[in-house]
Amino acid sequence: MIKKLKITLLLGIIFWIVICTHSFARIKTNDPTVNSGGTVTITIRSDEPVASGAIKITSNDGLIFKSASGGTVNGNLVAFSKTNNETANIATYTFTAPEVNEDKKYKIVFSSQDMADENGNAVASSSATATVTVKKVANSGGNNGESTGSSTPEKATMTKVKVGDKTYTKSGFTVKVENNVTSIKVVPTISNGESYTINGGTDNTVKLEEGTNTVNIKLASGNTYKIYIRRAAKVDDTPNIIDEEPKPKEEENIFLKSLMVKGVTLEEEKIELPLAPEFIAEIYEYEIILDETMSNITKLDIEAVANKDDCTIEIQGNEEIQDGENIVTITVKSKDGKITKTYKIFVTKCAETEPVIANTDEEPKQEENSFFTKSTLKIIIVAFTSGVAILGIIFAIIEYKYGKNEEQISFEEDDEIGEASFPGITLEKENELEEMYTPEYEEEKTKRKAKSKGKHF
């Protein structure tokens, strides 16, 4: 028994060490609602910052998988590898809902694997279930009272675009390339996986002419996005001199030479925020995402410096940052006010909200396994191992005392046996008996025996 307890204590300590040296990353999903036959998007996020790993579907419960994004896609598996930790928008999945005659819920199960942070530390994998509510569509006229089973499709948008080896999250920007770059690959990401054309064709490779090239990305639903790629002019034979496009007049050449953004929290603490893409004077649109950990940021402290001292800078939209998308404009004006350049920052603020309940008649949905969070699980494990350790100490004390008592009892039993062999006889009585056994006593004893035998016969 004692040996088993010692083994249990050792295993508990080892398990506790393993638990304390690994992080738990529980992936989470949104629970969207979609009309019968419509398209629905599910976004995967994590409660632990991760930089690499993979997400896959383990059960789609009748919904039709259409597309996925967020990394390298292989079937329904999205493998991602980033330079920085992220918690939001790890992967995005798009499904087509079946046609239903009554409201119905479907469970989509996702699982993560090979998760790690930006330092390469392993992060424990987990699973998450998204509940998709598919609502029936009301009957429409001119169809003999029968349901058409159709729904308004989700409006497609371009969420980001990869130009060469760099990714941008907005349109309308300009990319500079060297003269020796005669073509470049343009790969947009569409929110619902809708088809698109680039300059009227399906080829993602765009041929470049010297100067500015306009790239038109048109979605099947009709939306068009433009990006601009400027190919440098050819270098002539003169060393270190580049045949560039004619420079604008000095008074027209105004722009921002630096731009820095800091988020101001409710406690007046300032946090530096990165721009996406990194600031370049020729790029006029940027994006900042304030995830759930930055939900207390209420305004932006913007430091913008123009290339000329006599320029004026006007900033709008940086106060009272609200949940959702905010647009901050930074306008650079020449001294006479005739020339302006406008920069935009699209700020998306993600607030911590409770899951949206589609059907108000139902009880509010509780997050699955909410009790077994990382903190509570660690507390349970520490309490368990501490209890095992205490029990081990108690049983060790019992074992020590029990062994000592057994030894004492054995000695006492030996003493008792010695005394029981000659009950009532002490050293003094032994001396008395020796004195009684004289020759006269023996003779008298013999006569009594003979007399007794005579009576018997």
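This is a predicted model: local features need pLDDT of at least 70, side-chain atom pairs count only at pLDDT 80 or more; totals for chains, interfaces and linings use all residues.
A salt bridge, as I use the term here, is a side-chain nitrogen of Lys or Arg within 4 Å of a carboxyl oxygen of Asp or Glu. Residues are numbered from 1 along each chain as its sequence is written, and side-chain values use heavy atoms, with hydrogens and water left out.

**Entry 1: K270 and D301**

I searched the whole structure for salt bridges and found five. One of them joins the side chains of K270 and D301, with 2.7 Å from N to O. K270 belongs to strand 22 (residues 270–273) and D301 to strand 24 (residues 297–306), so this pair ties together parts that lie 31 residues apart in sequence.

**Entry 2: E314 and K333**

Next I looked up the salt bridge between the side chains of E314 and K333, where N and O are 3.3 Å apart. E314 sits in strand 25 (residues 312–316) and K333 in strand 26 (residues 324–333), so the pair connects parts 19 residues apart in sequence. I recorded E314 as partly exposed because its relative accessibility is 37%, and K333 as partly exposed because its value is 25%.

**Entry 3: D103 and K135**

For the salt bridge of D103 with K135, I noted 3.1 Å between the closest N and O atoms. This pair links distant parts of the chain, 32 residues apart: D103 is in the loop between strand 9 (91–96) and strand 10 (104–116), whereas K135 is in strand 12 (residues 127–135). D103 counts as partly exposed at 42% relative accessibility, and K135 counts as partly exposed at 29%.

**Entry 4: a nonpolar patch**

Last, I turned to the surface, where I390, L391, I394 and I398 form a nonpolar patch with about 360 Å² of accessible area together. Such a patch takes residues with over 30% relative accessible area and no salt bridge, and joins nonpolar side chains (Val, Leu, Ile, Met, Phe, Trp, Tyr) within 5 Å, or like charges within 9 Å. The areas come from the Shrake-Rupley method with a 1.4 Å probe, and for residues only the protein chains shown count as cover. L391 lies in helix 2 (residues 374–421), and I classed L391 as partly exposed because its relative accessibility is 44%.

Note on methods. Helices (H or I, at least four residues) and strands (E, at least two) are DSSP runs, numbered from the N terminus. Buried means under 20% relative accessible area, exposed over 50%, partly exposed in between (1.4 Å probe, protein chains only).
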